[in-house]
Amino acid sequence: MLQSGIVGLPNVGKSTLFNALTRTRKAEAANYPFCTIEPNVGVVEVPDERLAPLAEIGGTKTIIPAAIEFVDIAGLVAGASKGEGLGNKFLANIREVDAIVHVVRCFEDDDIIHNMGGVDPVRDIEIINTELVLADLESVERQINSWAKKAKSGDKEAQAHSALLQRIVAHTGEGKPVITMDLSDDERALLKFYNLLSAKKVLYACNVKESDLADADNHPLVQKVAAWAAEHHGAGYCPICARVEEELGELAPDEAAEYLESLGISDSGCNRLIREAYKLLGLASYFTTGEKETRAWTFRLGLKAPQCAAVIHTDFEKKFIKAEVVSYDDLVNAGSIAAARDAGKYRLEGKEYVFKDGDVALFKVGA
Ligand SMILES: Nc1nc2c(ncn2[C@@H]2O[C@H](COP(=O)(O)OP(=O)(O)O)[C@@H](O)[C@H]2O)c(=O)[nH]1
Ligand SMILES: [Mg+2]
């Protein structure tokens, strides 16, 4: 299962967010047999408003949402790339995740010590990104000589690596993350060899005060982070309140709804965060629905029908014959499977069909 690592300075609310996410949206382990089981890894359900209407159409009460893993990575400090704090361990943890949720503190609270003195999210972001970029620069400089030697002997692949590594040195040498480099598809394929930290996709989670949540997108600090992320990192942002989410987890459903209403909001921001993290990982959902269950299945955007079928059962890829597919909107507008069929909304798709988010599918497989 793909993982998002929760990264940030100490005391910004990472663990609060992780605990809240994994408690209030904890996935039923039995449904997701291939997940990692470790204390700082949590499997979280991806909220999806399309599941309930589909369950009604399917005539079932059992809903199984998609899920992703979040990893609580201990706080990174300035100097981590030089081994400060538990530097190397943190960097190794970040290397293992598929995408980064970078939590920044946008809440003032005199009772909670700020690692750097005062609240300044853009400064905090730059501290962490500097460590990631420095670690990459070092790692690339270590690799460059061996590729350069091979390149001299005329090895075409080594020449391509050597040229790309030199460009990465120049880019990271200016303090810029690898993800902002303008790369060709070929270069992007080579980049995978180096597993660089600053090449990973990032979502900035702005942790705001309870009372700021209602109008969080217009919060001056959130706007500052959003503008910085777009300009310097090609990244998105999401406001959240980790504290509210934590408190919600302790309330009964009707109390929770009342509490949210008193704050003038319908959600703590965590649903949005999970959905954004899912998208960031390049993931989408297709559905199956019937009397037994309605279920969201996760696939990587760009995958064709047989690989998507393999998400349900590995055998399905080889035995794939065809898929009967209807879009979520067409099915819901028709009101029932029979009506969608009568209206000609179901399509028969073959091996070359590229699945779309929201497809509702039925696979025909051979024996
Ligand atoms: N006021 C306020 N305090 C928060 C919020 N999120 C976290 N905290 C507090 O900040 C402190 C550090 O949080 P923690 O999650 O342990 O931070 P971490 O070091 O980033 O994992 C704890 O005392 C939290 O209760 C928030 O949204 N508002
Ligand atoms: Mg923590």
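The structure is a predicted model, in which local features need pLDDT of at least 70, side-chain atom pairs count only at pLDDT 80 or more, and totals for chains, interfaces and linings use all residues. Residues are numbered from 1 along each chain as its sequence is written, and side-chain values use heavy atoms, with hydrogens and water left out.

For "binding site", the unreviewed UniProt entry lists Asn-11, Val-12, Gly-13, Lys-14, Ser-15 and Thr-16. Val-12 lies in the loop that runs between strand S1 (3-7) and helix H1 (14-24), where helices (H or I, at least four residues) and strands (E, at least two) are DSSP runs numbered from the N terminus. Val-12 is buried, with a relative accessible area of 2%, buried meaning under 20% relative accessible area (1.4 Å probe, protein chains only). Not counting residues up to four places away in sequence, Val-12 touches Val-103, Val-104, Arg-105, Phe-107 and Asn-207, contact being defined as heavy atoms within 4.5 Å. Gly-13 is found in the loop between S1 and H1 and is buried, with a relative accessible area of 15%; leaving aside neighbours within four places in sequence, Gly-13 is in contact with Asn-207 and Ala-242.

Domain 1 (3-115 + 201-280) and domain 2 (132-198), with bounds from an automatic or database domain assignment, both give residues to the lining of the largest pocket, so this pocket lies between them.

Notes
Chains lettered and ligands numbered in written order. UniProt positions renumbered as here; feature names shortened; annotations may be inferred. Buried < 20%, exposed > 50% of the residue type's maximum accessible area, 1.4 Å probe, protein only.
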